[in-house]
Amino acid sequence: MLLQSPPPDLKTLRRQLRTARRALSPATQRQHARAVASHLQRHYPLRTARRIAYYLARDGELDPQPLRERLGERRHLWYLPIIRPFQPPRLWFIRYRLGEPLQRGRFGLLQPRHCRHPVTPRFLDVILMPLVGFDATGQRLGMGGGYYDRSLAPLRTRQYWRRPHLLGLAHEVQRVARLTPQRWDVPLAMVVTERGLQLPAD
Ligand SMILES: Nc1nc2c(c(=O)[nH]1)N(C=O)[C@@H](CNc1ccc(C(=O)N[C@@H](CCC(=O)O)C(=O)O)cc1)CN2
Ligand SMILES: Nc1ncnc2c1ncn2[C@@H]1O[C@H](COP(=O)(O)OP(=O)(O)OP(=O)(O)O)[C@@H](O)[C@H]1O
């Protein structure tokens, strides 16, 4: 009898995908970050967005900094996530101007030292999200803490007249065949890798 190996559990899958993205050389990392910036710099919801959340790349994450540099500071306000200091864990977003001081917070994450006027996701036009994994349908695998999912949950249930456009950024090596959607998952509008934009397909 042929025994098929079972699909890896999510914890194993996260570890494998994080190892794969970390294994990319610094030169490849830079090339992918520049390719993603080229694919997105003329992208309509981003060009016209006023408030954009991004993240400071770590652990092999696709680096959104070249994209920030191309889009510039004149038309856009840039925000970084911070873990809000009480339970349940959720993200707030803080305006961050280049050159302002950073400090290490929870999990050793760099975050703005001055946390003035945090906003929740509904005040943002675009959220650039770091992915651990993704599939062709736009399903996303994150760090597993539910930080983004919990923070975005109100957008699913309430009717806001506008909601942020969610863009996932990743390297192609983070693509997986199929992720099973969880009840609380908030779907992405698009995944962007060095190969280009990917609209969710069923
Ligand atoms: N660059 C970046 N910023 C981000 C995230 C992210 O994935 N990447 N987040 C995405 O949610 C939020 C923070 N959530 C995080 C959740 C877990 C870990 C993490 O490193 N966990 C370690 C365990 C560390 C420990 O327990 O001390 C790990 O899993 O190895 C990091 C960020 C907001 N900011
Ligand atoms: N809207 C929510 N309300 C309550 N708990 C939630 C919600 N969203 C996620 N969670 C909790 O967070 C945990 C992690 O979720 P999941 O495995 O989907 O993480 P993830 O999508 O990889 O992480 P993240 O959202 O931080 O990128 C789940 O076990 C779930 O219990």
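This is a predicted model: local features need pLDDT of at least 70, side-chain atom pairs count only at pLDDT 80 or more; totals for chains, interfaces and linings use all residues.
1. Confidence first. The protein chain has a mean pLDDT of 92, and 94% of its residues reach 70 or more. The model as a whole scores ipTM 0.94 and pTM 0.94.

2. Where does ligand 2 sit? You will find ligand 2 in the largest pocket. Two elements give two or more residues to the shell around the ligand, namely strand E8 (140–141) and helix H5 (147–157). Helix H5 gives the most, with five residues.

3. Who are the neighbours? Ligand 2 is surrounded by 15 residues, and the closest are Arg-14, Arg-140, Gly-142, Tyr-147 and Trp-184.

4. Now the polar contacts, which are worth a look in your viewer. The side chain of Arg-14 places an N or O atom 2.8 Å from an oxygen atom of ligand 2. Trp-184 also takes part through its side chain, with a polar atom 2.7 Å from a ligand oxygen. At Tyr-148 the backbone is involved instead: one of its polar backbone atoms is 3.3 Å from an oxygen atom of ligand 2.

5. Finally, burial. How much of the area that ligand 2 exposes when taken alone does the protein bury? Ligand 2 exposes 640 Å² on its own, and the protein buries 73% of that.

How values were computed
Residues are numbered from 1 along each chain as its sequence is written. Chains are lettered from A and ligands numbered from 1 in the order in which they are written. Side-chain values use heavy atoms; hydrogens and water are left out. A residue is near a molecule or strand if one of its heavy atoms lies within 4 Å of it. A polar contact is a pair of N or O atoms within 3.5 Å; within protein, one must be able to donate a hydrogen and the other to accept it, and residues adjacent in sequence count only if both atoms are side-chain atoms. Accessible areas come from the Shrake-Rupley method with a 1.4 Å probe; for residues, only the protein chains shown count as cover. On a 1 Å grid over the protein atoms alone, a cavity is a set of points where a 1.4 Å probe fits but cannot get out, and a pocket is an open set with protein on both sides within 12 Å along at least five of seven lines; lining residues have an atom within 4 Å of a point. A molecule sits in a cavity or pocket if more than half of its atoms lie within 2 Å of its grid points. Helices (H or I, at least four residues) and strands (E, at least two) are DSSP runs, numbered from the N terminus. pLDDT is the predictor's confidence in each residue, from 0 to 100.
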